[in-house]
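Subject: Structure for you to look at

Hello,

Here is the structure I promised to hand over. Please open it and keep it in view while you read my notes.

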Amino acid sequence: MAGLTAANKLYTATASKDLFELCVVEGGSRIGGRINTSEFGGDRIEMGATWIHGIGGSPIHKIAKEIHSLRSDQPWECMDGNTDEAITIAEGGFHLHPSIVDPITKLFNTLMEYSQRKLNEATAKGELESYHNLPALAAKVASNRSGNDNLSIGSFLRQGLEAYQISKEQEEVKGCGEWSRKLLEEAIFAMHENNQRTYTSADDLLTLDYSAESEYRMFPGEEITIAKGYLSIIESLASVLPPGLIQLGRKVTRIEWQLDERKGVGNGCCSSRPVKLHFCDGSVMSADHVIVTVSLGVLKSAIRDDDDDDDSGMFCPPLPPSKTEAISRLGFGVVNKLFMQLSPKHGGGKHEYHHEHVNEDSDKGFPFLQMVFHSPQSETRHKKIPWWMRRTATLFPIYNNSSVLLSWFVGEEALALESLKDEEIINGVSSTVSCFLQHSQWQKGSSSHRLCNGNVNSEERSQENEVKFSKVLKSKWGTDPLFLGSYSYVAVGSSGDDLDAMAEPLPKDSSCQPSASSPLQILFAGEATHRTHYSTTHGAYFSGLREANRLLQHYHCVGIYNN
C-alpha cells in the first residue's frame, strides 16, 4: 500500500512529470503486500487487511467508493452477522445469559474507552454510574505497581476487573457445572482481552503500552469490508503506472547508501547516484532515493543481521542508533485468519440455529459464537481442546448463513497454526466447537440442519453434535520472510516518538537534520511509520503520501500536498 501510494503520487503529480525515473520493486510474486484478497468456498475473502476502520474521512473508503468496490455480485467476507445477537457459550456447553455477559462486556469497553481518552470520570458518571470510578482507580493502582513509564494495557485492564469484583456482591450462578460466577467473569473478560489482542497484534496485553493508546486515532462511522476486495484498491493505485514500472520477484538483499559523501564514508561508490540496491539474483540498481516500505518485522530481522555481521546486513552502513533503537522497542505481532468450510453433511450452505434463548421461529445461520474457555491450567478444562484454540475468542460465518466460518489467532497460537497440517486443524477446531455445542444437537432436515436443544443420551448427542469441516485455509504472516508478522503496536518501553523516528529519512547530519550532502537517500514508509494510524492500511497510505510529498517538496514542486 505505502509503496504504490508513493509511486502513484510521484507519477501523477502535475509538477513532477518527467522529473522522476520511477521503479517499484516487489520481492514477492504479487502486488499488495499485507493486502491479499483470495477466494475460498466460492466466496471472496481477505487473507490479510480486512477492514476499513471508519468510513468518515477514510481515504481507503473514498477510493473504494470512487471505483465502485463497495458492491459485488459475488459473496464476500462482509461480516454482516449481528454481534449484538452473539451467542456466548462457556466451555462445557453452558449458554451464558446476557445478565452474566453484558456487565463484563460493559466493564471491558468502559476501561478501553478510558484508556483511549474517549471517556473520563466526568463523562462516564452520567451514563455509567456503577462503573465511572473503576477506570481511574485501575489506572492509579496499576501505575503505582508498575510505574507510569511502564504501565501496560494488560495490567490496567486486570486492575479494573479486580476493582469491579471487589465492588460487587452478586449471587452465585447455577446450572453451569464447575463454573463459579468469579471464574465466569474472569473468563468472559479474558475473551474480550483476546479480541483486543487481534486488534493490536500484541501476543500479551502486558506488553501493550498504556500511554500510547490515547494517541491512536480512528475515523468516525461504521467499519466495513470491501465487497470487491481490498486488492481492488491496490489495483486502482497501480493502474495509472505504465507497464514495466512495477517489477515483481525482485527481493532486495542489501541497500548501500552514503553516510557522508563529502568525507568519502559509506559504500565508496563513485556513481552520481548514492544508493545501490542489491537483489537476490545478483543484479544491482542505482538510485538517488529509495522509499523503504518493508514491514517492521523485516526491519527487526535486518538490524539483527546487521548486529551479527556488519558486512552482510541489509543496510550498509548499518542504520544509526536512533533508527535501530526505535525498531527494537516497537512491537510487531502475528495475527492469522483461519477460514473453515462446514462439511457438506451439515448442509454445505444455509444452517439454522435455534437455542432456548433465541426465538425458535426465526431461522439463523451458524451463530456468531463467543467462546469462554477455562484457564489452560484449570483441571476442569476439556482435554480434547488443543492449547492453540484456548485464546481464540470467536467463531462466526463470514456473512449471514454462509457455510464458511472464520476465526482469528494471535501470537504464539498464530505461529503454531502456521505449522499445523490441515487435518490437525480440522480435528482441533471440530473438537472445540463440539465441546461448546454439546448441549445442543444438529437435527437433519430436508434442506438444512437445525441446532437446537435436545434430550438425547450422551452417545447420541456426541454423534449428533460432532461439527465437521471439509477444508480450511489459513494465512501465514509470521513465517513469510517478506513480512515476518502482521502489524505494529506501541510496546511498553516505546512511545509515539519511536514511530516518528521510524519515519525519519537518512542520512542525517550531526544536528539530526537530513544531510545536505546527497539528502533523502533512504526514506521510510509503511504503517509502522505513522504515529496515530499505525497498524492500518490507511496509515500505510498516509505514509506513502508523506514520503512522496517529501521528495516533491525537496525538488520544489508545488500544489501537490496532502492528497
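First, a definition: two rings of Phe, Tyr or Trp (its six-membered ring) form an aromatic pair if their centres lie within 6.5 Å. Planes under 30 degrees apart count as stacked, over 60 as edge-to-face, and the rest as tilted. Bear in mind that this is a predicted model.

**Aromatic pairs**

How many aromatic pairs does a search of the whole structure find? The search gives 13. Take F108 and F189 as one of them. Their centres are 5.3 Å apart, with 75° between the planes, and the pair is edge-to-face. F108 sits in helix α3 (residues 98-115) and F189 in helix α7 (residues 181-200), so the pair ties together parts that are 81 residues apart in sequence. Both F108 and F189 are buried.

Now look at F315 and F524. Their ring centres are 6.5 Å apart and their planes meet at 45°, so this pair is tilted. It links distant parts of the chain: F315 is in strand β11 and F524 in strand β22 (residues 522-524), 209 residues apart. Why do we call F315 buried? Buried means under 20% relative accessible area, and F315 has 0%. F524 has 2%, and is buried as well.

There is also a cluster. Y114, F156 and Y210 form one aromatic cluster.

Strand β11 leads us to a sheet. Strands of a sheet pair through backbone hydrogen bonds, either parallel or antiparallel. Here, 4 strands form an open sheet in the order β9-β8-β7-β11, with mixed pairing. Which are the edge strands? They are β9 (284-287) and β11 (315-316), and each pairs on one side only. β9 pairs with strand β8 (residues 275-279) in the antiparallel sense, over 4 bridges. In that pairing, K276 has S286 of β9 as its bridge partner.

Strand β7 (residues 252-256) holds R254. R254 is buried, yet it has no salt bridge. The nearest side chain of opposite charge is E256, 4.2 Å away. A salt bridge needs a distance within 4 Å. R254 does have another polar neighbour: a polar atom of its side chain lies 3.2 Å from the backbone oxygen of G313.

**A hairpin**

Strands β2 (residues 37-40) and β3 pair in the antiparallel sense over 4 bridges. They form a hairpin with 2 residues between them. In the turn, G41 has a positive phi of about 60°. S38 stands opposite I45 in β3. From β3 (residues 43-46), D43 and I45 point one way, R44 and E46 the other way, and all are buried.

**A strand covered on both faces**

Next is strand β15 (residues 369-372). L369 and M371 lie on one side, Q370 and V372 on the other, and all are buried. With strand β4 (residues 87-90), β15 pairs in the parallel sense over 4 bridges. T88 stands opposite Q370 there. With strand β16 (residues 394-397), β15 runs antiparallel and is joined by 2 bridges. L369 has L395 as its bridge partner in β16.

**A helix and its cover**

Last, helix α8 (residues 231-238). Its buried residues are S232, I233, I234, L237 and A238. What covers these buried residues? The cover includes α1 (2-12), α2 (59-66), β6 (246-247) and α15 (537-554).

Best wishes

How values were computed: Residues numbered from 1 in each chain as written. Predicted model: local features only at pLDDT ≥ 70, side-chain atom pairs only at ≥ 80, totals over all residues. Heavy atoms only, no water. Buried < 20%, exposed > 50% of the residue type's maximum accessible area, 1.4 Å probe, protein only. Pairing = 2+ DSSP bridges. Contact = heavy atoms within 4.5 Å. Lys, Arg positive; Asp, Glu negative; His and termini not counted. Polar contact = N/O pair within 3.5 Å; in protein donor to acceptor, adjacent residues only side chain to side chain.
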